[in-house]
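Reader: I have a model open and I'd like to learn to read its side-chain features. Could you walk me through them?

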Amino acid sequence: MTIENISATKSFNGWHKQYRHKSNVLNCEMQFAIYLPPQATSGQPVPVLYWLSGLTCTDENFMQKAGAQRIAAELGIAIVAPDTSPRGDNIANDEGYDLGQGAGFYVNATQSPWDKHYKMYDYIVDELPALIETTFPVTDKRAISGHSMGGHGALTISMLNPDRYASVSAFSPISNPMNCPWGQKAFSAYLGNDKAAWRKHDASELMRIATKFVPTKVDQGNADNFLNEQLKPETLVSAAQISGYPLQLTQHDGYDHSYFFIASFIEEHLRFHAIHLTIS
């Protein structure tokens with residue numbers, strides 16, 4: 001697969017780069033960002049953390065706002081940040097910010113017109129890692145993390161593929177999308193009315209019945225405007241108690257849904273992943 005380098009910026013003796021490529025899964029051009037720590041640029045293959053962003057975001061939000069490069073450089077972890085959906089003039093969209101372009105929800109759409117392009121699950125799980133692992137000096141050790149819609153994606157993808165990821169973490173994830181407005185709108189459009197299909201992409205439903213576990217860290221701000229209506233972290237706690245899932249969920253007074261929250265605790269998340277990427 002041919003990829004085009006569209007930017008390169010040195011950071012903490014590593015490199016932040018952006019690339020464009022044709023995605024066969026999504027049937028369009030896609031853009032992603034990668035931070036290669038100095039260990040990788042000196043020829044030592046490194047593990048990868050995949051970061052999934054939230055509604056309306058692109059590959060740029062996390063890389064520019066989270067301040068993750070310094071710790072990633074210290075720990076020797078590459079970070080890959082894909083876009084949040086297919087994009088383009090001929091790709092289905094919606095007038096709302098919470099459906100369509102910028103809002104792929106990390107599922108494989110089965111309903112028209114979304115099913116032509118919106119296969120973000122396959123893109124994140126299979127196509128993008130295959131591209132990364134054949135193009136860059138990285139190993140096949142992977143962790144996954146994300147924020148809000150991306151936190152939902154990270155949690156569900158890790159539980160559906162427990163052998164592919166050493167660890168998972170999330171900031172302010174949509175924990176029970178079957179029972180919140182964001183999830184209900186997206187799942188109805190992308191997956192139709194079959195609630196069984198919804199359950200396969202609901203973190204709380206998956207955690208409740210899980211028998212294979214991935215070490216999991218979740219952080220949630222108590223001043224988050226979306227906490228009660230959209231995020232529902234208490235459903236994750238209840239699900240973990242039923243299955244015995246290794247969930248570490250910490251609530252933080254005063255923090256909201258913004259990247260100020262992510263930047264405050266991203267170092268803890270990267271060190272959490274480093275432990276598991278080392279022992280996996």
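Author: We'll go from a helix to ring pairs, cores, salt bridges and a loop proline. This is a predicted model, so to speak of it carefully: local features need pLDDT of at least 70, side-chain atom pairs count only at pLDDT 80 or more, and totals for chains, interfaces and linings use all residues. Residues are numbered from 1 along each chain as its sequence is written, and side-chain values use heavy atoms, with hydrogens and water left out.

Reader: Where does helix H4 bend?

Author: Start with the terms: helices (H or I, at least four residues) and strands (E, at least two) are DSSP runs, numbered from the N terminus. The bend at a residue is the angle between axes fitted to the seven residues ending there and the seven starting there. Here H4, residues 120–135, bends by about 35° at leucine 128, and proline 129 follows within four residues.

Reader: Which residues of H4 are buried?

Author: Buried means under 20% relative accessible area, exposed over 50%, and partly exposed in between, with a 1.4 Å probe and protein chains only. In H4 the buried residues include Tyr121, Ile124, Leu128, Pro129 and Ile132.

Reader: How many aromatic pairs are there?

Author: Rings of Phe, Tyr and Trp (its six-membered ring) pair if their centres lie within 6.5 Å; planes under 30 degrees apart count as stacked, over 60 as edge-to-face and the rest as tilted. By that rule the count is 16 aromatic pairs. Take tryptophan 114 and tyrosine 190: their ring centres are 5.4 Å apart and their planes sit at 85°, so the pair is edge-to-face. Tryptophan 114 is in the loop between strand S5 (78–82) and H4, while tyrosine 190 is in helix H6 (residues 181–191), so this pair ties together parts that are 76 residues apart in sequence. Both tryptophan 114 and tyrosine 190 are buried.

Reader: What about phenylalanine 187 and tryptophan 198?

Author: Those two form an edge-to-face pair as well, at 5.8 Å centre to centre with 65° between the planes. Phenylalanine 187 lies in helix H6 and tryptophan 198 in helix H7 (residues 195–199), so the parts they tie together are 11 residues apart in sequence. Phenylalanine 187 and tryptophan 198 are both buried. Elsewhere, ring pairs link Trp51, Phe62, Phe171, Tyr255, Phe261 and Phe265 into a cluster.

Reader: Which charged end sits over the ring of tryptophan 198?

Author: A charge sits over a ring if NZ of Lys or CZ of Arg is within 6 Å of the ring centre and within 35 degrees of the ring normal. For tryptophan 198 that's lysine 195, whose charged end is 4.9 Å from the ring centre.

Reader: How do I read a nonpolar core?

Author: In soluble globular proteins, nonpolar side chains tend to be buried together. A nonpolar core is a set of buried Ala, Val, Leu, Ile, Met, Phe, Trp, Tyr and Cys residues joined through side-chain atoms within 4.5 Å. The largest core has 66 residues, and Phe32, Phe105, Ile132, Ile144, Ile157 and Tyr190 touch the most other members. H4 gives the largest share of this core, eight residues. Another core, of 25 residues, lies apart from it, with Met63, Ala68, Ile79 and Ala166 among its members.

Reader: How many salt bridges does the structure hold?

Author: A salt bridge is a side-chain nitrogen of Lys or Arg within 4 Å of a carboxyl oxygen of Asp or Glu. The structure holds 13 of them. In one, lysine 185 meets aspartate 98, with the closest N and O atoms 2.7 Å apart. Lysine 185 lies in helix H6 and aspartate 98 in the loop between S5 and H4, so the pair ties together parts that are 87 residues apart in sequence. Lysine 185 is partly exposed at 31% relative accessibility, whereas aspartate 98 is buried at 11%.

Reader: What about a bridge inside a helix?

Author: Look at glutamate 267 and arginine 271, which meet in a salt bridge at 3.0 Å, N to O. Both lie in helix H11 (residues 259–279), four residues apart, about one turn of the helix. An α-helix has 3.6 residues a turn, so residues three or four places apart point the same way. Arg70, Glu74, Glu267 and Arg271 are linked in a network of salt bridges.

Reader: And where is proline 173?

Author: Proline 173 sits in the loop between strand S7 (168–171) and H6, and it counts as buried at 1% relative accessibility. Contact means heavy atoms within 4.5 Å. Leaving aside neighbours within four places in sequence, proline 173 is in contact with residues including Ser148, His152, Val218 and Leu236.
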